[in-house]
Amino acid sequence: MDLIDRLKKYANRQLRREEYHRPVQFIRLLQQYAKSDFQPGETTGTERYLNQLKSVPFFYRGVNAELEIIPYEMLWERIQQYVR
């Protein structure tokens, strides 16, 4: 939980929402999961952030900092499978 909070603070300070929309939305997904104490049945608010994440498809512009080796949607699916 502490690591996710630090990640959220970093994102708020360092990542511009327009340029880093996808990482910010994924961090918000993780934060919602942490708020529910990592209980899949008690997680709320994730649909909104997942839809916002999907609304901007991944597009690699050649900048390594923007590269998603595993797309966030796939990571979220893996997290969901892991905790069930």
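**Figure 1. R22, E68 and E73 are joined in a network of salt bridges.** The model shown here and in the following views is predicted. In another contact, the side chains of E73 and R22 meet in a salt bridge at 2.8 Å, N to O. Here E73 is in helix α4 and R22 in helix α2, so the pair ties together parts that are 51 residues apart in sequence. Like R22, E73 is buried.

**Figure 2. A salt bridge joins the side chains of R6 and D2.** The N to O distance of this salt bridge is 2.7 Å. Both residues lie in helix α1 and are 4 residues apart, which is about one turn of the helix. R6 has a relative accessible area of 48% and is partly exposed. D2 also counts as partly exposed, at 48% relative accessibility.

**Figure 3. F26 and Y72 form a stacked aromatic pair, in a model with 2 aromatic pairs.** The ring centres of F26 and Y72 are 4.8 Å apart, and the angle between the planes is 25°. The pair counts as stacked because planes under 30 degrees apart are placed in that class. F26 lies in helix α2 (residues 21–35) and Y72 in helix α4 (residues 72–83), so the pair ties together parts that are 46 residues apart in sequence. F26 has a relative accessibility of 9% and counts as buried. Y72, at 18% relative accessibility, also counts as buried.

**Figure 4. Y33 and W76 form an edge-to-face aromatic pair.** The centre to centre distance is 5.5 Å, with 75° between the planes. Y33 is in helix α2 and W76 in helix α4, and the pair links distant parts of the chain, 43 residues apart. Y33 and W76 are both buried.

**Figure 5. A nonpolar patch on the surface is formed by F58, Y60, L67, I69, I70 and M74.** Together, these residues have about 590 Å² of accessible area. One of them, Y60, lies in the loop between α3 and α4. With a relative accessibility of 36%, Y60 counts as partly exposed.

**Figure 6. The confidence of the prediction is given by a mean pLDDT of 83 for the chain.** A pLDDT of 70 or more is reached by 94% of the residues. Among the elements of the chain, helix α3 (residues 46–55) has the highest mean pLDDT, at 91. The lowest mean, 82, belongs to helix α1 (residues 2–14). Helix α1 is also the helix in which R6 and D2 lie.

Conventions:
Residues numbered from 1 in each chain as written. Predicted model: local features only at pLDDT ≥ 70, side-chain atom pairs only at ≥ 80, totals over all residues. Heavy atoms only, no water. Phe/Tyr/Trp six-rings, centres within 6.5 Å; stacked < 30°, edge-to-face > 60°. Helix = DSSP H or I, 4+ residues; strand = E, 2+ residues; numbered from the N terminus. Buried < 20%, exposed > 50% of the residue type's maximum accessible area, 1.4 Å probe, protein only. pLDDT = per-residue confidence, 0-100. Salt bridge = Lys/Arg side-chain N within 4 Å of Asp/Glu carboxyl O. Patch = residues over 30% accessible without salt bridge, like charges linked within 9 Å, V, L, I, M, F, W, Y side chains within 5 Å. Areas by Shrake-Rupley, 256 points an atom, 1.4 Å probe, with all protein chains shown as cover.
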